[in-house]
Amino acid sequence: QAPAAAAASSARTAPLTQAIPVDPLVTVGRFPNGLRYLIRANKLPANRVELRLVVNAGSILENDDQQGLAHFVEHMAFNGTSHFPKLQLIDFLQSTGMKFGPSINAFTSFDETVYMLQIPTDKAGLLEKAFLILEDWAQNVSFDPTEIDKERGVIIEEWRGRRGAGARIQDKQLPVMLKGSRYAVRLPIGKTEIIQNFKHDLLKKFYTDWYRPDLMTVVAVGDIDKAAVEAMITQHFKAIPPAKAPRARAAYAVPDTPGTLYSIETDKEMTGTTVGILNKLPARDHTTIGAYRQEIVESLFGRMLNVRFSELAQKPDPPFVGGGASIGPFGIRGKEAASLNAMVKETGIERGIDVLLTEALRVARHGFTPSEFDRQKKDMLRGIEQQATEKDKQQSAMLANEYMRHALVQEPIPGIVYEYELYQRFLPEITLAEINALATKWLAESNRVVMVSGPQKDGLVVPDEAGLAGVIKAVGTKEVTAYVDTSDSKPLL
C-alpha cells in the first residue's frame, strides 16, 4: 500500500497542469508491437477474473461498402478461430459453466469493439485457455466462407428481433445529433443490403486493417496472481506481428451547427415520452489535475440542479416524472454535451421543455443559494469518503470497465484513494460563483439539439418544430424569481 499512499499524498500539492497518475495497484505495460495491457488484483468476486480485449476500432472506420461489417467481425469471432474451429469456442466456454451475457459478451460501437469474459480462477488451466481465446480473437479469426454466409441471416434476424422502439427511435435521433459528421452515416448496425450481399474479402479486410496490436489493449482484473497473468499476456500477445503498412486510425469530428436542431420521433411500441435538450460542447483534455477539479465543479452544478428537478417532480401535478442535468462525454469522441432530460406525460411535452429550461434560466439569473451549495459539498465529500473507506469492496467488472475507458479515451485511473485526496483538496476552495457561471452552457442557442420521443397514437398530437421553438423562445422572455431554499438543515435528532 506504500506506493498508493505516496501517490495520494502528492494529490494534495501537485500543480493543476500535472497529469493524473495511474493507480500504482495497476500494472501497465506495452509490447514493441504496440499492444498495451493493464492488470489489477482484486478480491471481489472471489475466484473470478474479468478479461477484456479492447480494440480501438468500430463502425466509424468502415468503408462505404463495409457498413455493418465491424459488428459482423465481432460475430465471426465466436464462429471459429485457429484453436477453436467453428462452434468449438462456444462449446468450450459453456462447458465451463459460463453463459452468454453474464460471463461471455462483446459489443461494437462507433469507435471501438470490446470482447469480455468472466473466467473462474479456481479451475486449473482455464485462465490460460481464456488468454488463448483472446489471442485468437486478436489475430486468428477463421472467417470460414460457409460460416460467414450462415451468419448473414443471424445478424439480419438479430437486427429485426432487437430493433425495438427504443432502437428505432435512437437510429433516427443519432443522425440529427451528429449532423454533418461521419458518425451520422456509420451507425454500428450498418445497412441490411450490405450485410446480405458483401463479398467475403471485405470482411477480412476490415479485420486485417483494424485488428492489429497497436490498436489493442488487454485488461485483466480479478482474484489473480499479477505476475502469472503478466507472463500469460506476454506469451500470447508479445509475438503478434505489427501491421506492415498500417492504415491511419483517423479521428472524426462532429461539426458545430448554428441554431437548434430538432428530432421529434414517435413509435407505436413506445410506452413513455421523453424530452431532452442537448448542447454540444468541444471535447476537452480530462487527463490533468486541473481538469479533474473542473469535473468536480460541473458535478456540483448538476447535483444541485437535479435536486431542484426532484422537488418539482414531487409536487402535485408535476411537470415531469423525473428530470436530470449532466455535462460530460456522450458517447462520441470529439464532443461533449450539457444535457437536460425528463420523462413527461404524453401530453406534457411542451410543459416539460418549458420547465427544464426555466429552471436552468433561474440558475443563470439568480444562481444557487449558499445553503444548497454547502449541502451538496458535504454530501459529495461524504460519498467519496465512503467509497475510499470501502476501497477493498470494489467489484472487478467495474474496475475492468474503467480501465477499458482509460485505454480508449484516456479516462484517468488514479484509484479511489487518490481521488478522495483531490476532493478533500478542492471542495473547500471551490466557490459558489464558479458553479453559477456554468449555467449558460445549458442555455446556448447554437449547437443545440432538442429531442422528443413518444408513442404514436390516434388522436395524440405531438408538437412540431415550430411549436417547440415557440416554447423555447417564450422561456427567454420570462421573468423568473429567485429560488427559495426551504430545506431544513437542522438534524432530525
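Trainee: In strand 2, which residue is the bridge partner of Val 28?

Mentor: Leu 38 is that partner. Keep in mind that this model is predicted. Strands of a sheet pair through backbone hydrogen bonds, either parallel or antiparallel. Here strand 1 (residues 27-30) and strand 2 run antiparallel, joined by four bridges.

Trainee: In which sense do strand 2 and strand 6 pair?

Mentor: Parallel, over six bridges, with strand 6 covering residues 216-222. Arg 36 stands opposite Thr 217 there.

Trainee: What is the order of the strands in the open sheet?

Mentor: The six strands run 1-2-6-3-5-4, and the pairing is mixed. Strand 1 and strand 4 (104-108) are at the edges with a single partner strand each, so one side of each has no neighbour in the sheet. From one strand to the next, the twist averages 10°.

Trainee: How many bridges pair strand 4 with strand 5?

Mentor: Five, in the antiparallel sense. Phe 107 stands opposite Val 114 in strand 5.

Trainee: Which strands does helix 9 touch?

Mentor: Helix 9 (residues 226-237) packs on the sheet and touches strand 1, strand 2 and strand 6. Its direction makes about 160° with that of strand 2.

Trainee: Why is strand 2 largely enclosed?

Mentor: Buried means under 20% relative accessible area. Five of the six residues of strand 2 (residues 36-41) are buried, so the rest of the structure largely encloses it.

Trainee: How many residues of helix 14 are buried?

Mentor: Eight of its eleven, so count it as mostly covered by that cut-off. Among them are Ile 416, Tyr 420 and Phe 426.

Technical notes: Residues numbered from 1 in each chain as written. Predicted model: local features only at pLDDT ≥ 70, side-chain atom pairs only at ≥ 80, totals over all residues. Heavy atoms only, no water. Buried < 20%, exposed > 50% of the residue type's maximum accessible area, 1.4 Å probe, protein only. Helix = DSSP H or I, 4+ residues; strand = E, 2+ residues; numbered from the N terminus. Pairing = 2+ DSSP bridges. Axes fitted to C-alpha atoms, helices over the stretch in contact; angles between N-to-C directions. Contact = heavy atoms within 4.5 Å.
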